[in-house]
Amino acid sequence: MAEYRAGEIETRWQRLWQEQGLFEAGEDPKKKKYYCLEMLPYPSGDIHVGHVRNYCITDVVARYKRMNGFNVMHPIGWDALGMPAENAAIKKGIHPEKWTRSNIAQMKRQLQRMGFSYPWSREIATCDPSYYRWNQWFFLRMLERGIAYRAKAPVNWCPSCLTVLANEQAEGGECWRCHSTVEQRDMEQWFLRITAYQDQLLDDMKGLPAWPERVLVQQENWVGRSHGAEIDFPVEASAPLKIFTTRIDTIYGATFMVLAPEHPRVDAFVASTPDEAKARAAIAKLRSQDRRARLEGQLEKEGVFTGRYATNPFTNKPIPIWVGNFVLMGYGTGAIMAVPAHDQRDFEFARKYGLAVDVVIQPAGERLDGATMAAAYDGPGTVVNSGPFDGLPAERAIARMTAHAEAGGFGKGAITYRLKDWLISRQRYWGTPIPVVYCAACGMQPVPDRELPILLPPDAPFTGEGGNPLEKVPAFVNAKCPKCAGAARRETDTMDTFVDSSWYFYRYLCPNKDDGPFDPDVVDYWFPIDLYVGGIEHAILHLVYSRFWTKVMRDLGLVKVTEPVVRLFPQGMVHKDGEVMSKSRGNTVAPDDVIGRYGADTLRLYVLGEAPPEMGLEWSEERIEGPARLVQRAWRLVDRHAASLASEAPAPPGELLGPAKELRRKLHQTIEKVTNDVERIRLNTAVAAFHELVNDAYRLEAELSKDAGGRAVLREALLALVRLMNPFTPHVCETLWERLGQTGGLVYEPWPVADPLLAREDEVELAIQVNGKVRGRITVPRGASEEAIRTQALLEPHVRLHTDGKQIAKLVVVPGRLVSVVVR
Ligand SMILES: [Zn+2]
Ligand SMILES: [Zn+2]
């Protein structure tokens, strides 16, 4: 008996696949294409079983599609720029490039041991100058079109990473990477005008039916489109203050205004206050408060009266202008009309400072009173105390009041968005240099295309102090102005690494092209991506940026698609001891350890079979025994019969009986089930089906071995089992395929096809009684639905003789026995 030695088998097949280039793919217009992708990993150095889970999912689908005749693209690469490499350089004195390259080598070896079917010739690392030069090229195209621009802006600054963070990288006031508290600073920064695409980003979601709803909802909230009105509130001896509101129906209840402490007109307003010094001190204090805490309303509401008044344009009454910590610049106009009766923040502020609370919406069956109410009311109701609009339902008042403001020339309907332009400047070394220079005479000048790539200098000092290492490399900073040839200073900001991951999946298709980012015809063949697997944490950021980037490229005439990804599948996380597996928690399991003990096939089968792919998976050492046993049992089954089955000719098809019929039926049911499951990415239930089929084969093998018909069915079952399991456990299946006398390997072996007739369960005969007397009989498949039995019973000719023209009062199905019909 041959012993199952995973290590030997796996090394052998991995070498053979690689030598024969079986996973390489080229454009072939005669074949249907399938682009199967996982989010490219960050080369942190350590890969753990949590990472390999999503690669296992895509590998099953890629191998399955190849067996189904598709031309499959399933590439891999490295998201290799970014802060951890630079932090490692500061801490350990290793150059970021060296650290990154050695991590890539290590992780590549680990991925290769898993037997993933990647075309390694297409491997890219975003830190290759041959990659990031195209980031620079895209940047220049965006600069020409005004999509890239430079502006002074209050930015989130991480004092530990010494860099600017995008708003979404500073959620909750914490750096997404190091969790330090984020500070606010004003700096000149580079932005990409993603807001020019905000409506498309929302509206094109209709074309993404195969994206999970929860991802679309997150993106929708991130763009945050709201419909409302812009209203001008006149200010005496000054320009009017503009506000945006989604609740113009409450405008008669606006009893004061609040400006953000940073609002540009605050200083002028307080200049006329009697106690100016005191007001200025109080405003300075508000400005120093944590912006994030202010935004999230975590702080006690605080404010200062400016001494000035505006006029509510609907009531023509003066209302005081305050400065308050709960209003922020950059959200709306930095000024609000405060309606304390119908907005909780305004209500708390009004109660604290004794400001009027005027009810203008009355809910049905209640009588709110501004003097006594304990909280704001923001529900539906009828408009009151609002002059000519009294008695209107609040929703209808919105259109009428907006029209009134438009007619009066002091307002109009408007839409606002929460989305901000994408801040891409980073004050770090290990990113793509932004290709512009600053000339004292000519100002900012883009670097000409022929000078790309602007390379990262290898000799920057990594001290961790004083900001960007690039500033300390004179050979990098000192540049020549492309316009006047005079001395110029090179931009030292580098790009957010989310730029790299916004378009990498196009570069896989033309990884060596050096006169463009890719060939549009090649992209046209492969795009869109048919399946994209990655973590749900990328629902915003990457998955919005890459949609934006595709739309920009479409507008540049480079691609035809409007959306890059047809089907998005976020895989669940791997947990251990009740926590998400991660390096920082110290609960990781290295795939190498598991492969050493059980083999890669068992590890693959375990992560695929242990839980639904979209759900969390709790790592359990004991439970690996289940898939390990399945591999062993399939091995022994083939081992016992290989010699006789490999040589035996198939038995002629004919009427099968007993165990042969039973196993063949189970086989075709399994083919049906596994095919369905892989299409729907329910891979865990496919693994359960393998267990069942192997169990049945074990139970029936002795009987089946007795005659040629039985042996033929056993052979058929084993050959199909090996093909069905191949996407899951490819190494052992290739070996078993050989042992069953087959040649040519499994990579492109056709997928088994289920015969629905053979898969069908046996039939049973049912008697049909009408009013207690048997009038006919029908045969139905065992397990047929009640609905199907009912329909068939009523169509039986003898039954119809006794039921036609009568009313069916009752119909009872007794499964496996009879159908009882009562007529009147
Ligand atoms: Zn940080
Ligand atoms: Zn110049």
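The structure holds zero disulfides, a disulfide being counted as a pair of cysteine sulfur atoms within 2.5 Å. This is a predicted model, in which local features need pLDDT of at least 70 and side-chain atom pairs count only at pLDDT 80 or more, while totals for chains, interfaces and linings use all residues. Residues are numbered from 1 along each chain as its sequence is written, chains are lettered from A and ligands numbered from 1 in the order in which they are written, and side-chain values use heavy atoms, with hydrogens and water left out.

Four cysteines, C439, C442, C481 and C484, coordinate the zinc ion (ligand 2) through their SG atoms at 2.2 to 2.4 Å; donors are N, O and S atoms within 2.8 Å of the metal (3.2 Å for Na, K and Ca), and since water is not among the atoms, sites may look incomplete. Along the chain these donors follow the spacing C-x2-C-x38-C-x2-C. C439 lies in strand β19 (residues 436–439) and C484 in the loop between β21 (478–480) and β22 (487–490), so the pair ties together parts that are 45 residues apart in sequence; strands are DSSP runs (E, at least two residues), numbered from the N terminus.

How accessible are C439 and C484? C439 is buried, at a relative accessible area of 7%, whereas C484 is partly exposed at 38%, where buried means under 20%, exposed over 50% and partly exposed in between (1.4 Å probe, protein chains only). C442 is partly exposed as well, at 23%, and C158 is buried, at 0%.

Technical notes. Helix = DSSP H or I, 4+ residues; strand = E, 2+ residues; numbered from the N terminus.
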